[in-house]
Structure formats: C-alpha cells, structure tokens
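The following note sets out several points on the side-chain contacts and surface of the structure shown below. Each point may be checked against the coordinates.

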Amino acid sequence: MLNFRLLASQIKKRKSRIANILRLAPCVFLMICLTFPAQARGPGTSGSTALKIGIGARSSSMGEASVAVAGDVSSIYWNPAGLFQIRGSQLSAMHIGWLDDIRYGWVGYAQPLASWGTIAADVAYIHMGDIVRTLESPTEGYEENGIVTAADVAGRVAFASKIFRGIIVGVSLQMLQSKVDFEEVTKERIGDKIAKSTSIGVGFLYDTPIPNLSAGCSFQNMGRQTQAFISKKEPLPFAFRMGAAYKTLVRGWKSEPPEEEEMEEPVDPVDPEVDLDKVPGTLIAAMDLDFPADSSPGIRMGLEYQFGSGIAVRGGYRTGTGLDFSD
C-alpha cells in the first residue's frame with residue numbers, strides 16, 4: 001500500500017513538472033521568435049511573392065490582423081492553429097482581378113475530426129497576364145520579341161489540435177510551382193522556365209487567463225526552393241507574426257424597453273461555453289505585429305461588429321507595407 005502511494009505521488013509530481021514546462025513553453029517560444037526579425041534580408045531579396053498574398057475577406061477588411069482571430073478556413077494561411085476552433089465543415093473561395101489582367105484565385109476546405117483536431121487543404125492560383133518581351137536593338141533602341149506569361153500554383157494541407165489546456169498548435173505543408181512561358185519568340189529559342197519550392201508553416205493559439213482574450217503567433221514560409229528557374233535558388237518570403245484579439249458584447253439600445261415576455265435570457269460573455277463569434281452584438285478588436293524577412297515590420301489593427309443573420313461590419317488599418325517610393 002505504501003509503495004502504491006509512493007508511486008502515485010511520483011506520477012503526480014512528474015505531471016506537475018510537465019504542466020509547468022508546458023506553461024513556460026509559450027514564453028520561451030516567443031523569446032526565440034523575436035530573434036527572427038533581426039535576420040531580415042531587405043526588400044527584393046525573396047522570391048515566390050505570390051505566397052505573400054493574404055486570403056479571406058474577413059482578414060483583408062480587418063487590416064490583416066488575423067493571427068489570433070480564428071474560426072474560419074482562412075486560418076490555414078494566417079495561423080493554422082486557428083483551424084481547431086472551426087465548429088463544422090467549411091468551404092470558402094475567393095477571386096481577385098487586378099489591372100493588366102492579373103488574376104488570383106483561392107479555394108479552401110476544413111473538416112473537424114471529432115474533438116481532437118481539424119484537417120484542412122487549399123489551392124491558390126495567380127496569373128500575371130501577358131508581358132511583352134523586349135530586346136535591345138542596334139537600330140531602334142528596343143524591339144518587341146514575343147510574349148512572356150507567368151503563373152504560380154500553390155497547394156497546402158494543414159492540421160491543428162489542442163496539445164494542452166488553452167494551447168493550440170497548427171502545422172501546414174505547402175508546395176508551390178512557378179512557371180514562365182515564352183510565346184512567339186523569334187530571336188532565340190527559349191524553353192519554359194519552372195521553379196518549385198516546399199515550405200511549412202507553424203502557428204500557436206493561446207486562450208489567456210483573461211476571459212475572451214486570445215493571443216497567437218505564426219511562422220510562414222519556412223523552407224526553400226527545391227528547383228530554381230535557371231541555376232540560383234531564391235529564398236522564400238519568410239514572415240513571423242504575433243498578435244492578440246479580444247471579444248466582448250456591445251449591448252444595443254431601443255427606444256422602448258421590451259416587454260417582459262419578449263426579453264431573452266442574457267448572454268454571459270465570460271462563459272467559456274458561449275461562442276461569441278455567433279452571438280449578435282459581438283465586437284472583436286485585434287492587433288498583430290508583422291515581421292517579414294524581406295520588408296519593414298508592420299502593425300495590423302482591425303475591428304469587427306457582428307449583427308444578426310450573419311451580417312458584420314469590419315474595418316482595419318495597417319502599416320509597413322514596404323511601398324516606399326522616396327528617393
């Protein structure tokens with residue numbers, strides 16, 4: 001009997017030590033993460049810029065403050081840990097048309113697996129349009145010589161699960177193929193150029209002790225080109241993001257108080273069983289810090305207010321876009 005109690009006590013102490021290590025892990029991880037911004041290479045030093053195009057109308061309208069704003073399939077890009085908070089199957093798609101016939105398309109699907117995890121997959125495509133190829137001419141300066149077209153296709157799979165109470169981790173694997181076609185080239189024979197790359201993404205999401213306040217961080221595009229266009233392989237656009245999001249209920253006002261029989265039972269915003277993402281009157285405030293390897297750091301801020309019937313109003317602001325045209 002004494003040996004059994006001693007064994008139980010040792011097991012309890014080991015569990016306590018493991019729990020303490022897991023509590024400290026996010027802090028240690030964050031300290032390591034903060035060393036990456038110092039390794040920034042500068043603008044124009046990364047390839048595969050198609051990987052830097054954000055997805056999701058919600059994220060874009062909130063200034064891309066999305067690391068801790070989880071709950072939809074677009075989390076596969078911003079923070080794969082957020083996929084765990086999806087309640088049911090989700091299918092989402094988007095299409096963007098820019099100037100000069102540049103087109104971007106994306107489709108993603110997420111499927112929860114009982115209560116132990118969520119799997120997701122997506123595909124993105126960008127077409128750069130037709131680009132006139134020019135060559136130096138000894139008589140006319142420059143002359144046109146065919147058409148160049150470029151396109152990127154990226155596919156990704158991801159998985160998210162809760163590893164400890166309040167801590168969610170997500171991992172994604174991504175493959176990208178970039179292709180450049182030369183059409184109607186007459187001066188010289190040029191074959192199509194193809195580059196390939198493989199990368200992973202890692203994200204964390206933490207439910208802080210403060211009710212309805214979540215924090216997260218993510219690593220994007222950790223990998224390298226596996227096949228270069230010609231001979232030199234280019235680094236991928238690595239980025240580190242960290243952020244927080246807070247949800248609260250904003251009560252509405254009516255000109256006349258409702259009758260007693262019309263009054264609904266009030267929602268407790270502190271109750272962990274209440275999903276505020278689906279409660280009308282929810283206000284979400286989010287802020288991210290973005291540290292890309294090939295551009296200046298930036299701040300992302302966003303707000304969202306949920307009305308009934310799935311209608312929401314959103315707004316955002318962002319800095320550090322890297323668009324500096326000064327001399």
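Is glutamate 64 buried or exposed?

1. Glutamate 64 has a relative accessible area of 14% and is therefore buried, the limit for that class being under 20%. The model is a predicted one, and this assignment should be read accordingly. The salt-bridge partner of glutamate 64 is arginine 318, with 3.3 Å between the closest N and O atoms. Since glutamate 64 lies in the loop between α2 and α3 and arginine 318 in strand β11, the pair ties together parts that are 254 residues apart in sequence. Arginine 318, at 33% relative accessibility, counts as partly exposed.

2. The search of the whole structure returns nine salt bridges. One of them joins aspartate 72 to arginine 58, with the closest N and O atoms 3.6 Å apart. Aspartate 72 belongs to the loop between α2 and α3 (75-78), whereas arginine 58 belongs to helix α2, so this pair ties together parts that are 14 residues apart in sequence. Both aspartate 72 and arginine 58 are buried; for arginine 58 the relative accessibility is 13%. Helix α2 itself covers residues 57-61. The side chain of arginine 58 also makes a polar contact of 2.9 Å with that of glutamate 304.

3. A further salt bridge connects arginine 103 with aspartate 101, the closest N and O atoms lying 2.7 Å apart. Here arginine 103 is partly exposed at 32% relative accessibility, and aspartate 101 is partly exposed at 42%.

4. The aromatic residues deserve a separate point. The count of aromatic pairs is seven. In one of these, the ring centres of tryptophan 116 and phenylalanine 159 are 6.0 Å apart and the planes stand at 45°, so the pair is classed as tilted. Tryptophan 116 is in the loop between β2 and β3, and phenylalanine 159 is in strand β4 (residues 141-164); the pair therefore ties together parts that are 43 residues apart in sequence. Phenylalanine 159 is partly exposed, its relative accessible area being 33%. By contrast, tyrosine 305 and phenylalanine 307 form an edge-to-face pair, with 4.8 Å from centre to centre and 80° between the planes. Tyrosine 305 is partly exposed at 24% relative accessibility, as is phenylalanine 307 at 41%. Ring pairs also link Phe219, Phe238, Phe240 and Phe291 into a cluster.

5. Which residues does alanine 312 touch, leaving aside those up to four places away in sequence? They are Glu304, Tyr305, Gln306 and Phe307. Alanine 312 is located in strand β11 (residues 312-318) and, at 25% relative accessibility, counts as partly exposed.

6. On the surface, a nonpolar patch is formed by Leu91, Val107, Tyr109, Val123, Tyr125 and Val153, with about 540 Å² of accessible area together. Strands β2 (103-113) and β3 (117-137) are the elements that give two or more residues to the patch. Tyrosine 125 is found in strand β3 and is partly exposed, with a relative accessible area of 36%.

Methods: Residues numbered from 1 in each chain as written. Predicted model: local features only at pLDDT ≥ 70, side-chain atom pairs only at ≥ 80, totals over all residues. Heavy atoms only, no water. Patch = residues over 30% accessible without salt bridge, like charges linked within 9 Å, V, L, I, M, F, W, Y side chains within 5 Å. Areas by Shrake-Rupley, 256 points an atom, 1.4 Å probe, with all protein chains shown as cover. Salt bridge = Lys/Arg side-chain N within 4 Å of Asp/Glu carboxyl O. Helix = DSSP H or I, 4+ residues; strand = E, 2+ residues; numbered from the N terminus. Buried < 20%, exposed > 50% of the residue type's maximum accessible area, 1.4 Å probe, protein only. Polar contact = N/O pair within 3.5 Å; in protein donor to acceptor, adjacent residues only side chain to side chain. Contact = heavy atoms within 4.5 Å. Phe/Tyr/Trp six-rings, centres within 6.5 Å; stacked < 30°, edge-to-face > 60°.
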